[in-house]
Amino acid sequence: MTTTTEPATAREPRSDRSQTEHVDVLIVGAGVSGIGAAHHLQEQFPDRSFVILDAQDNRGGTWWTHRYPGVRSDSDLFTYGYRFKPWRGPSIAAGEEILNYLDEVIDEDDLGRHIRYHHRVTAASWSTEDRRWTVEVTRGDTGEQLQFTTDFLWMCQGYYNHTKPYQPQWEGMDRFEGLLVHPQQWPQDLDLAGKRVVVIGSGSTAATLIPAIAQEAAHVTMLQRSPSYFLAPPLTHELAVTLRQLDIPEDWTHEILRRAYAAQFNELARMSHEAPDELHVFLMESLKPLLPEGFDVEKHFTPRYRPWQQRIAIVPEGDLFAALREGKASIVTDTIETFTEKGIRVSSGEELEADVVVTATGFNLSVLGDVAFTVDGEPVDFPQRVTWRGIMISGVPNMAYVFGYFRHSWTLRADLVSDLVCRLFETMKAKGTTMVVSTLRPEDADMQIRPWSDPENFNAGYVMRSQHVLFKQGDREPWTHMMEHAQEMEVLPKADLDDGTLVYR
C-alpha cells in the first residue's frame, strides 16, 4: 500500500525567544473567520492594534488545506460571502474563486501587514493580575519560539485539525498495492487518467470530488456505508441572473440574494424540525428525475437519519448524478470487510478493484486549535466548561471564538459574532473595565449540563467522535448554542451584555 502524507518538516525549536510582541487584540486564524473578524475590528476600532496568526503558509484556512479536484463551497456564496463584501460570481464557487475573494478583502482592508503565516499557537496563559494573555507561538518555517501578549484573544481557527484528517483503519490496508489518498492531503501531481478509483464516503467531499474526476478516470465507485441527503440547486440563482441583466448595483444584488438564500435555508431548517417527513419526501422526489432509470433510490439515497441531522450535500446542477447517468460513476452501499491486494472486498462478497482509493472519511474536530489554555496558572479543562452563546467559555476571561452554522453558511454567524464581540468591546470601554469573563449565576446552579451537540439535533460522525473533548452547553440562555440562523439573527444583536452572566472587572 502506498499512502500520501505530508513530508516531515519539524525542526529542533530554539530555546530562546527572539521577541515578545504586544497587541490589543490577537486573532488566531487567517481563514474566513479571522479575516472577517479583522475587518470588523479595524472598521469599528481603527485605533486598536492587532495581528492575525496562522499556522499554515498561506491564507484561506480550509480553502488552502483542501485543494483536491473540484473543491467548492457547499453553501451559496451570497451567504458564505461576507455581509460587507458583495459576491459577484456564481452561487456555488470553486475553492480558488473563494481564495480570490478573500484576497480582495485582504487587499482592500490592507490586512496583509497584520498576518503572520507559519505561526502556530501552542499555549495561551491568562493572568488576572496583568490583565492580559501570554501566547506561545512556534514558527513552522524556522522552529523559532515566539511570544505575544494581548489584552483580548479572538480564536478564529476553525473547528478541525488541518494536519491530521480522520482516517479509519480497515483490515488489510497494508496489503493494498494501489495508492491510498485522503482529500485533505491530495497530491497535486496525482494523475487519474485511465485509473479505477474507489471513493469511500458519501458526504460533501465525495459528492464534490467524484464528478470532478469521473471524466478523467476509467471509472469511479462511491463506496458508502449509508446514504446522505442531497440537494441539486442551479449553479447560479435565476434571480441573480435577472438582477445582473437589469444592471442592479452589485451590493444590492448581494443583499437581495443573501436574504433570498437565507430565507430558503431557514425554511428547510424549519421543516427539518417541524415536518421532517415532508422534507424527506421533497428531497427524495427532487433526486429521482436526475438519476438513471431504475436506480435503487431506497438503497443508495435514503438516509437512516432525519433530514438535516447531518449536513445536506449540495450538488450544483446535479453533476454527481450526471456522472451516474453517463456510466462514469457508480454507487455501492455496503460495509468494508477487508482491503485486498487489488482493491476492497465488501460484506456482500463483491470485490471492488481499484488503482486508487480515496478515503473521503472526514476530519477530526479540534478544540480551539488544540491550544493549551491556562487561567491564573490553572489548566482549562474544556469538557468541564460551558459555552456562553457559542462565543465565550465560562471562566475564561477576555477570549471569544467564532463557530459558524452547520446547516447554514458559516459566515452568516461569523458576521453576527463579530458584531457582538465589537459590542462587547464598546461595553467594556463604557464601563472603564479591562476584563470580562462569562460566569454562571447562582440561579444557574441547578442548570442541566448537556453535550456540545444533541444527537437528536445534529449527529454527524465528526461531531459524535469528539463530544468527549468538547465543552458543554446548558439548558437555558445564554448557556446554549447551535441555534438556527432565523433565531440568532434576532437574538444576538439584542443580547443583553449586562445580565449578570458577564462579569466585568
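Predicted model: local features only at pLDDT ≥ 70, side-chain atom pairs only at ≥ 80, totals over all residues.
Of the 17 residues lining the largest cavity, Gly404, Tyr405, Phe406, Met482 and Met483 come closest to its centre. A search through the whole structure turns up four cavities of 30 Å³ or more.

Moving on to the strands, β17 (residues 356-359) is covered on both faces. Val356 and Val358 sit on one side, Val357 and Thr359 on the other, and all four are buried. Strand β8 (residues 179-181) runs parallel to β17 and is joined to it by three bridges, with Leu180 standing opposite Val357. Strand β9 (residues 196-200) is also parallel to β17, and here there are four bridges; Val199 has Val358 as its bridge partner.

Two helices are worth a look as well. Helix α5 (residues 204-214) is largely enclosed by the rest of the structure, because eight of its 11 residues are buried. Among them are Ala206, Leu209, Ile210 and Pro211. Helix α7 (residues 250-274) has 25 residues and spans 36 Å from its first C-alpha to its last, close to the 36 Å expected at 1.5 Å a residue. Buried residues in α7 include His254, Arg258, Tyr261, Phe265 and Met271.

Then there are the aromatic rings, which form 34 pairs in the structure. In one of these, the rings of Trp154 and Phe425 have centres 6.3 Å apart and planes at 90 degrees, so the pair is edge-to-face. This pair ties together distant parts of the chain, since Trp154 lies in strand β7 (residues 145-155) and Phe425 in helix α11 (residues 410-431), 271 residues apart. Trp154 counts as buried at 0% relative accessibility, and Phe425 is buried too, with a relative accessible area of 2%.

Tyr159 and Tyr160 make another edge-to-face pair, at 6.1 Å centre to centre with 80 degrees between the planes. Both of these tyrosines, Tyr159 and Tyr160, are buried. They also belong to a cluster linked by ring pairs, together with Phe363, Phe403, Phe406, Trp410, Trp452, Phe458 and Tyr462.

Definitions and conventions: Residues numbered from 1 in each chain as written. Heavy atoms only, no water. 1 Å grid on protein atoms, 1.4 Å probe; cavity = no way out; pocket = protein on both sides within 12 Å on 5 of 7 lines; lining within 4 Å. Points joined across faces, edges and corners; volume = space filled by probe spheres on them. Buried < 20%, exposed > 50% of the residue type's maximum accessible area, 1.4 Å probe, protein only. Pairing = 2+ DSSP bridges. Expected span 1.5 Å × (residues − 1). Phe/Tyr/Trp six-rings, centres within 6.5 Å; stacked < 30°, edge-to-face > 60°.
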